Amino acid sequence: MTVIPSLNVPLLGVAVTPLNRAELLAHIRDAVQEGRRMLVAGHNLHSVYLWYSLPEFRDFYDRAGAVVVDGMPLLALLRIGQRAPLRTEHRIGSTDWLDGLADLEGIQRVTLLGGTPAASTAVLRHLRSLGGDVAWQGIPGDPWRAEDVDEVAEEIRAHDPQVLLIGMGMPLQERIADQLAARLDVPVIATVGGALDQLGGTQSLAPRRLGTMGLEWAWRLATDPRRLAGRYLLEPMKLAALLMWRA
């Protein structure tokens with residue numbers, strides 16, 4: 001299992017691998033070409049809260065080969081005490097790199113798992129419009145039934161992907177990633193959250209400049225307040241209390 005050297009995030013106590021888009025894609029390409037298995041995840045404040053709250057979630061992240069920085073608060077904390085400069089491009093969400101698979105050397109088959117049937121069709125249409133030689137497979141994951149995992153594994157196996165992208169939301173997607181990794185021999189498995197819905201246009205995608213300004217959360221909250229209010233307004237306070245209690 002591929003593991004890229006990581007850095008510890010001050011105050012939060014989690015490890016990340018601060019890669020930019022090109023570096024992450026290069027690691028994915030190398031893992032596929034060399035037949036090495038690698039888990040790819042991303043850390044933001046939501047995942048840090050789950051890392052402290054759920055032992056199985058923490059185990060998944062501790063085994064991941066690449067845990068990219070998917071949040072400006074984490075990047076800001078990383079800059080504290082780091083001699084090597086960390087630039088804004090070291091913060092990457094899944095939508096920032098996923099479409100780079102379309103023309104990545106050696107990548108020929110990619111499977112996407114997640115979203116409603118309509119969302120799955122929409123993201124496939126988007127990715128196929130990028131050109132390149134990748135054969136994309138889309139499998140809806142909403143609603144997800146735990147008893148379907150073996151059937152889904154067979155469907156994925158028939159496509160024989162080199163990269164499997166799972167966009168189901170945390171912590172469900174991490175649980176599914178572990179279940180499928182035990183059943184399949186896919187070199188790279190990446191959890192990508194809402195990226196499939198966002199790239200397909202079924203969820204609002206924030207302007208990328210807001211991500212570099214640390215304001216993507218505000219866009220998401222404004223466009224879907226009912227679903228995200230607890231995550232963005234209450235969960236950071238719960239995380240702060242949890243960290244203080246553990247100190």
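Among contacts between residues at least 6 apart in sequence, what share joins residues at least 24 apart? I looked this up to start the notebook, and the share is 73%, with contact meaning heavy atoms within 4.5 Å.

**Ground rules**

I am working with a predicted model, where local features need pLDDT of at least 70 and side-chain atom pairs count only at pLDDT 80 or more, while totals for chains, interfaces and linings use all residues. I number residues from 1 along each chain as its sequence is written, and side-chain values use heavy atoms, with hydrogens and water left out.

**Overall look**

I found 12 helices and 8 strands in the protein. Helices (H or I, at least four residues) and strands (E, at least two) are DSSP runs, numbered from the N terminus. Next I checked burial, where buried means under 20% relative accessible area, exposed over 50%, and partly exposed in between (1.4 Å probe, protein chains only). Of the 247 residues, 49% count as buried. For the accessible surface I noted about 11700 Å², with 55% of that belonging to carbon and sulfur atoms. These areas come from the Shrake-Rupley method with a 1.4 Å probe, and for residues only the protein chains shown count as cover.

**The sheet**

In what order do the strands of the open sheet run? I read β4-β3-β8-β7-β5-β6, 6 strands with parallel pairing; two strands pair if DSSP finds at least two bridges between them. β4 and β6 (135-139) stand at the edges with a single partner strand each, so one side of each has no neighbour in the sheet. From one strand to the next, the twist averages 20°.

I then looked at the β4 end. β3 and β4 run parallel and are joined by 4 bridges, and His-43 has Val-69 in β4 as its bridge partner. Both faces of β4 are covered: Ala-66 and Val-68 are buried on one side, Val-67 and Val-69 on the other.

**Helix α3**

Which residues of α3 (residues 55-63) are buried? I listed Phe-57, Phe-60 and Tyr-61. They sit on the same side of α3 because they cover an arc of only 95° around the axis, the arc being that of the directions from the helix axis to the C-beta atoms. The face turned away from that buried side carries the exposed residues Pro-55 and Asp-62. I also followed what the buried residues pack against: β3 (38-43), α2 (45-53), β4 (66-69), α8 (172-181) and β8 (188-191).

**Helix α7 and His-159**

I moved on to α7, which lies across β5 (109-113), β6 and β7 (163-166) and runs at about 170° to β6. Axes here are lines fitted to C-alpha atoms, for helices over the stretch in contact, and angles run from 0 to 180 degrees between N-to-C directions.

Is His-159 buried or exposed? His-159 lies in α7 (residues 149-159) and counts as buried because its relative accessibility is 17%. Its side chain reaches the backbone oxygen of Ala-135 at 3.1 Å. I count that as a polar contact, a pair of N or O atoms within 3.5 Å; within protein, one must be able to donate a hydrogen and the other to accept it, and residues adjacent in sequence count only if both atoms are side-chain atoms. Leaving out residues up to four places away in sequence, His-159 touches Arg-109, Val-110, Thr-111, Ala-135, Trp-136 and Gln-137.

- I found a cis peptide bond joining Asp-142 and Pro-143, with omega about 5°; Pro-143 is in the loop between β6 and α7.
- I found that the bond from Met-170 to Pro-171 is cis too, with omega near 0°; Pro-171 lies in the loop between β7 and α8.
- I noted a positive phi near 75° for Leu-11, in the loop between β1 (7-8) and β2 (15-16). Leu-11 counts as exposed because its relative accessibility is 71%.
- I noted a positive phi near 55° for Asp-160, in the loop between α7 and β7. Asp-160, at 43% relative accessibility, counts as partly exposed.
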